[in-house]
Amino acid sequence: MKPTVRFFQPHDNVSILMRTFSVLILFILTIQVSKAAELDYNLIAEPVVEGTYVFVGSTKYFSKQNGGNIVNTAYIVTNAGVVVIDTGPSYRYGKQMRDYIESTTGLSIIKVFITHHHPDHFLGNQAFNDVPIASLSGVINGIKLQGNAFTDNLYALIGDWMKETEAYIPTEVIVPGKFSIGGHEIEIIALDGHTDSDMVIYDHTTGVLFPGDLVFHNRTPAVANANIQHWLDSISKLQELNYKYMVPGHGAVISDEHAMIQTRDYLSWLHKHLQNALDRGLAMSEALTLELPASFQSLDILHEEYKRAVLQLYPDMEQNYFN
Amino acid sequence: MSINIKQRFYFKIFSSLSLIAAVNFVYAQTSVDPLDAPTWETVHKTMLFNEEVVFDERVKVVVPDVAEDPMNVPVSVRVGDIGEIEEIRVFADLNPIQKILNFYPGKIEPFIAFRFKVQQSTPVRAAARTKDGVWHVGGHWLDATGGGCTAPSVSSGLANWEDTLGDVKSRLWSRKDQPDRLRFRIMHPMDTGLASGIPAFYIELLELKDSNGDLLAHIESYQPVSENPFFSLDLESNRYQGLTLTGHDNNGNQINKVLQ
């Protein structure tokens, strides 16, 4: 049955209509204003060691609620100025991060490092367009190739938070090795596995290791562009380093191997599990709905990230199965 | 007299109310779309020619909630115990090419799994026709950010795709307490015709035959099926060997392979 529609007759009081209308407009305006005011990442840095700070993000997935703040970004205060590691998921994040750093340290930013080409790690670059933004050539190529697609995707996922964000390509190619900056001995290590090019930053002066997304802590690793065997090899190399603290790409700062072991165990399980599903003749939609072991339940967004892993890895594994 | 009129009046109201109730009941059984998509009426007409439908949970369509890779969205359709199924149509309401595939299960199980391309968020549906001509419809909403259908295939950019065109690889799994599983992959670009300068080029027909050459099942596929398509089918346990797959694409290239 169609609902009855009631039209206002000409003799209805026009002023009531007008009043309702203006109240409605006022209401919409209030919503818009409060919405704009809400888009604040409320960034507060936590110290790792003296002079090294991290903005710890959520361990969830991108959402309109968290504005994509699901990532750890960091900075090191040196004698020569501040060195920034990763710029976050949006121009807005980059600006708020920069404001916070400059107002709390009173120093200017002299260098930005980008660990890898994923959008949550570099889309704040625009806020640092007057500073050299450095990364490995592989990371820069990745941003050139996929940066725009990632940006479009984040507009779809987090909406207004992305306003005016563009994929700003790093301006300086860096080669692996040791160098000194503002009294800190910094080592750049080129690894891969989470993506085709993962840049690890190791501060020998403070003993703080920044492994980027090669390490996830209490958060299910994301494997969109992963080569799992390479990733496992990279973790073995990280385990040889003599660090005091590690700032993982996602999850809390940690001083022991626990996060690396978590990441390693999940990845090797995932690989075997999917290979086993293929060997049993399961279709991709069947692999999506398999039970997951209890031992990984402590990893945040396990089921969500597992499903994404199937969608991302299974097609290629299927193709290779018959090659 | 006046009482009589009143009684007749109430009777009229009562009977019209019960008529509305009855109509609503039938309505819920046949045409209220559980996915609540504004497109249902259109696809009912274009995909099922307005024939009789029942929304039926026993037609299980599994797709992920979010596409992730719009070029490779996995889907499986399994029809539960609703009698012999003559045809299963798989389609996506809001895809630029709605029709994905028609599957005639014939002598095998009413189950099929494969991957397809989407352009935007859409209901994904399967309609299974029973012998009485009624379509039993199941479905699921798929969330997608777009890009799958208007992107060229990977192989159309490679120089050597023609060398492997139509190649088939397959495997049959014997499984305990469940039907045998057949999986096969056919090398084919499956171009939609929606990417600029690349005409539609896709597999149209696949026929699965037993060792005597008798038809077991066949598939009519359309442009949205993913590149180098990978099909999974279920067959009666330990019954078939020496299966063959034949078919052709829309350019007349033949597919002919004895399955392993």
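This is a predicted model: local features need pLDDT of at least 70, side-chain atom pairs count only at pLDDT 80 or more; totals for chains, interfaces and linings use all residues.
**Entry 1: confidence.** I then looked up residues 13-29 of chain B, where pLDDT stays under 50. For that stretch the model has 5 contacts beyond four places in sequence.

**Entry 2: the chain as a whole.** I looked up the secondary structure of chain B and found 3 helices and 15 strands. Of its 260 residues, 48% are buried. The chain exposes about 12800 Å², and 52% of that comes from carbon and sulfur atoms. I also checked contacts with a separation of 6 or more in chain B: residues 24 or more positions apart account for 67% of them.

**Entry 3: a sheet.** Next I followed an open sheet of 6 strands in chain B. I read its order as β2-β3-β6-β13-β10-β9, with antiparallel pairing. Which strands sit at the edges? They are β2 (59-62) and β9 (168-173) of chain B, each pairing on one side only. On average, neighbouring strands of this sheet are turned by 15° against each other, direction ignored.

**Entry 4: one pair inside the sheet.** I picked β3 (residues 73-79) and β6 (residues 111-116) of chain B, which pair in the antiparallel sense over 6 bridges. What stands opposite Pro74(B)? I found Arg115(B), in β6(B).

Entry 5: Finally I looked up helix α8 (residues 302-321) of chain A, which lies across β3, β6, β9, β10 (180-186) and β13 (230-235) of chain B. This helix runs at about 105° to β6(B).

Terms used:
Residues are numbered from 1 along each chain as its sequence is written. Chains are lettered from A and ligands numbered from 1 in the order in which they are written. Side-chain values use heavy atoms; hydrogens and water are left out. Helices (H or I, at least four residues) and strands (E, at least two) are DSSP runs, numbered from the N terminus. Buried means under 20% relative accessible area, exposed over 50%, partly exposed in between (1.4 Å probe, protein chains only). Contact means heavy atoms within 4.5 Å. Accessible areas come from the Shrake-Rupley method with a 1.4 Å probe; for residues, only the protein chains shown count as cover. pLDDT is the predictor's confidence in each residue, from 0 to 100. Two strands pair if DSSP finds at least two bridges between them. Axes are lines fitted to C-alpha atoms, for helices over the stretch in contact, and angles run from 0 to 180 degrees between N-to-C directions.
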